[in-house]
Amino acid sequence: MKEQKLRRRRSVRFSVLMTLGLVVVWIMLVGEITVGAAVFGLIVAVAVQLLFPIPVIPQMGRMRILRLIWMILVTLWGLATASFVVAAQVLAFRRRTRNSVVNVDLRSKDVFSSTLTAVLVTLVPGSVVLEVYGGRLLVHVFDTQDEASLEHWIEGVHKQEALVLRAFGTPEEVAAIRQESRQRRTGKEETA
């Protein structure tokens, strides 16, 4: 009994970032910026973290903040450009669209990295991840007219995964991505 209480006490963790985020959400819900709203938001944030302890996520310990910011910016850019492309394809009534469902093998078998990659791929219009399993994504892709466009989508998924791994991956995964990038550059230089 005493051991369970001690283990439970150790599992209670507070995150400053989570607390600030919850206070901001609370103030947005209240709809006014006052000292009272901020104080009550702080109380709610602490209570939420006490009642629903944050699980330990090892990948958060190796988060690279600049790479995370870059991942967010690239995803936002992809979101903006893909929205226009998909809208144009939908509005082109006379042109038939051909959709595909494709298996994409990921570099990492890590559940966190695979799931985050799936979320980012689904967030950008034109593709939806149907299933994540064992380092693979089953992706529904909008408007794949030929093999080249399908390869382009698969390459896009791999680029999203590379962004995730550069932000949260192990040092070995990051080194492997850098090596692939170097090989791709030298291969292009040789063919040019």
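Ser114 is found in helix α6, which covers residues 111–123. Helices here are DSSP runs of H or I with at least four residues, strands are runs of E with at least two, and both are numbered from the N terminus. This is a predicted model, where local features need pLDDT of at least 70 and side-chain atom pairs count only at pLDDT 80 or more, while totals for chains, interfaces and linings use all residues. Residues are numbered from 1 along each chain as its sequence is written, and side-chain values use heavy atoms, with hydrogens and water left out.

Let's set two residues side by side. Buried means under 20% relative accessible area, exposed over 50%, and partly exposed in between (1.4 Å probe, protein chains only).

| Residue | Relative accessible area | Class |
|---|---|---|
| Ser114 | 4% | buried |
| Asp105 | 46% | partly exposed |

Leaving out residues up to four places away in sequence, Ser114 touches Leu106, Ser108, Lys109, Val132, Gly135 and Leu137; a contact means heavy atoms within 4.5 Å.

Now to Asp105, which lies in strand β1 (residues 100–105). With the sequence limit of four places applied, Asp105 touches Gly135, Arg136 and His158. The side chains of Asp105 and Arg136 are joined by a polar contact of 2.4 Å.

Finally, the hairpin. Strands β2 (residues 127–133) and β3 (residues 136–141) pair in the antiparallel sense over six bridges; pairing requires DSSP to find at least two bridges between two strands. Val129 has Val139 in β3 as its bridge partner. Two residues sit between β2 and β3, and Gly134 in the turn has a positive phi of about 45°.

Methods
Polar contact = N/O pair within 3.5 Å; in protein donor to acceptor, adjacent residues only side chain to side chain.
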